Amino acid sequence: MDGADPTKDVQDWATGEEPATDPQLSYLQTLAREAGEEVPADLTKADASRMIDRLQQVSPRTRPGTAGSGESDFQTP
């Protein structure tokens, strides 16, 4: 392998327009609750992934340098 990041951009996902998965929605509910936000209905996999990425940046659960934080790479291609 050439060392390139094998992670695809959500825009390139073949299944990105399919409905968000149950694990994505469950994780989103947790992050959104902690951020005081609502999870919109009818999210696609790609939209859910983007929202997870955004909420992880503000969540004390996953933000680097906070107690109990941990890197999370939860994405569903």
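Start by selecting Ala32: you'll find this residue in helix 1, which covers residues 22–35. (Helices here are DSSP runs of H or I with at least four residues, strands are E runs of at least two, and both are numbered from the N terminus.) What you have open is a predicted model, where local features need pLDDT of at least 70, side-chain atom pairs count only at pLDDT 80 or more, and totals for chains, interfaces and linings use all residues. Residues are numbered from 1 along each chain as its sequence is written, and side-chain values use heavy atoms, with hydrogens and water left out.

**Around Ala32**

Is Ala32 buried or exposed? Ala32 counts as buried because its relative accessibility is 1%. (Buried means under 20% relative accessible area, exposed over 50%, and partly exposed in between, with a 1.4 Å probe and protein chains only.) Now show what Ala32 touches: apart from neighbours within four places in sequence, Ala32 is in contact with Glu37, Val39 and Leu55.

**Along helix 1**

Step past the end of helix 1 and you land on Gly36, with a positive phi near 70°.

**The core**

Which residues make up the largest nonpolar core? Select these 11: Ala20, Tyr27, Leu28, Leu31, Ala32, Val39, Leu43, Ala48, Met51, Ile52 and Leu55. (A nonpolar core is a set of buried Ala, Val, Leu, Ile, Met, Phe, Trp, Tyr and Cys residues joined through side-chain atoms within 4.5 Å.) Helix 1 and helix 2 (45–58) each supply at least two residues of this core.

**Into the loop**

Go to Asp42, in the loop between helix 1 and helix 2. Asp42 is not a glycine, yet its phi is positive, about 60°. With a relative accessible area of 78%, Asp42 is exposed. Thr44 is found in that loop between the two helices too, but Thr44 counts as buried at 12% relative accessibility. Leaving out residues up to four places away in sequence, Thr44 touches Gly16, Glu17, Glu18, Pro19 and Ala20.

**Salt bridges**

How many salt bridges are there? The count is three. (A salt bridge is a side-chain nitrogen of Lys or Arg within 4 Å of a carboxyl oxygen of Asp or Glu.)

- Lys45 and Glu18: the closest N and O atoms are 3.0 Å apart. Lys45 is in helix 2 and Glu18 in the segment before helix 1, so this pair ties together parts 27 residues apart in sequence.
- Glu37 and Arg54: N to O is 2.8 Å. Glu37 sits in the loop between helix 1 and helix 2 and Arg54 in helix 2, so parts 17 residues apart in sequence are tied together.
- Asp47 and Arg50: their closest N and O atoms are 2.9 Å apart. Asp47 and Arg50 are three residues apart in helix 2, so about one helical turn separates them.

**Zoom out**

Finally, colour by pLDDT, the predictor's confidence in each residue from 0 to 100. The protein chain has a mean of 78, and 66% of its residues reach 70 or more. Over residues 68–73 the pLDDT is below 50.

Key:
Contact = heavy atoms within 4.5 Å.
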